[in-house]
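Me: I would like to go through some terms used for this model and see what each one rests on.

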Amino acid sequence: MEEQLKLVILDSDYEYLKPLEEALIRRFSDQVQIQIITDPAYADVFFHTTRSIDVLVVDEHFYGPYLDEHSIGHILVLVPGIEISPHLPEHVKQLVKYIPENEILAAIEKMLETVSRERKEAEPAVRPDTRVVAVYSPAGGCGKSLAAVALARKMQRLDVPVLLIGCDSMQSFSVYLDQEEYADEILAARLQEPEEDTYWYILQNIKRGPLTCLLPFEKPLYGMGIGLREIETLLSILKERQDFACIILDLGSEFSEKNQRLMEEADVRLLITQSSRAAARKMKKLQQNRNLLPGGETLMICNQYGTDHSSMSGETRQEVLPAYQDWETAMEDPVFYRIALQILG
């Protein structure tokens with residue numbers, strides 16, 4: 001629940017304050033904590049303790065240097081005549097005391113609105129939870145890594161902070177990088193035994209650009225001692241930090257316990273197949289064991305790029321990637337924009 005604003009009025013003239021008090025309670029009591037002090041002795045006791053006040057309305061006879069010892073956002077000094085001092089701090093405003101009540105109420109309301117706006121601007125932005133997308137194919141060579149890379153690139157063009165992570169042993173997505181770069185082997189050790197600086201090592205091994213990715217290791221993942229536990233540690237740290245709105249996992253083609261678990265942990269699964277008989281049979285076998293597949297949002301791409309163009313059941317298609325002469329052109333297909341927008345909701 002949002003903390004109420006604190007309004008304190010300090011004036012010994014209760015007869016003057018009474019109608020103002022009633023108007024303030026009617027207008028602000030549901031959103032503002034109002035305290036009115038008319039007794040000078042009680043005022044001394046009240047301000048003997050350090051106070052935090054959003055708006056203070058004070059008669060000029062109560063205004064003094066002692067108020068500087070307290071945390072007061074805005075001060076409205078009520079003066080009895082028309083002479084107003086120009087030498088007051090920025091957060092102190094003055095108003096003639098015996099002007100119409102609605103003008104004083106308007107001045108108080110404006111101060112409260114300013115405090116409320118300042119409080120909201122000071123609040124840290126709430127980041128949405130990181131979404132995880134698992135890209136998987138039961139058949140090798142179906143364009144799984146191409147789809148993962150293309151989807152990550154499209155999300156970045158939509159100004160979505162996205163990170164691509166290769167989870168198959170050979171980290172196949174690296175063939176689409178502009179140049180060969182590899183992660184520091186120390187990162188593997190930090191994922192095996194996480195420490196306070198593990199996130200720092202993760203950041204040091206992220207390549208940023210048109211494709212933001214965790215750099216692949218030069219050796220296969222199993223050679224680095226990285227398995228399911230280490231990848232789950234990596235995901236846990238990244239999701240806790242929330243620096244990326246989306247994490248795309250490029251999984252291997254084997255239907256292993258590791259890939260099952262990672263698909264279960266993902267918010268969205270993107271299945272890649274091809275219009276070839278072998279790929280169709282492997283996908284059919286996967287569909288026949290749907291109890292092994294996690295529930296939730298699943299999208300599919302039937303990739304015709306670089307295949308024998310044989311037919312596949314239309315019921316299993318979500319999107320189709322047409323045949324292209326090269327992977328650079330295939331990667332620019334609008335299908336990946338549509339999937340990116342669907343994932344982002």
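Reply: I165, G166, C167, Q171, L191, L214, F217, L221, I226, I231 and L234 line the largest cavity. This is a predicted model, in which local features need pLDDT of at least 70 and side-chain atom pairs count only at pLDDT 80 or more, while totals for chains, interfaces and linings use all residues. Residues are numbered from 1 along each chain as its sequence is written, and side-chain values use heavy atoms, without hydrogens and water.

Me: What makes a space a cavity, and what makes a residue part of its lining?

Reply: On a 1 Å grid over the protein atoms alone, a cavity is a set of points where a 1.4 Å probe fits but cannot get out, and a lining residue has an atom within 4 Å of a point. The structure holds 1 cavity of 30 Å³ or more. The largest cavity has about 80 Å³ of space, a volume being the space filled by probe spheres set on the points, which are joined across faces, edges and corners.

Me: How many residues of each class are in the lining of the largest cavity?

Reply: It has 9 nonpolar, 2 polar and no charged residues. Ala, Val, Leu, Ile, Met, Phe, Trp, Tyr, Cys and Pro count as nonpolar, Asp, Glu, Lys and Arg as charged, and the others, Gly among them, as polar.

Me: Why are Y16, L17, L20, A23, L24 and F28 of α1 called buried?

Reply: Buried means under 20% relative accessible area (exposed is over 50%, partly exposed in between; 1.4 Å probe, protein chains only), so these residues of α1 fall under 20%.

Definitions and conventions. Helix = DSSP H or I, 4+ residues; strand = E, 2+ residues; numbered from the N terminus. 1 Å grid on protein atoms, 1.4 Å probe; cavity = no way out; pocket = protein on both sides within 12 Å on 5 of 7 lines; lining within 4 Å.
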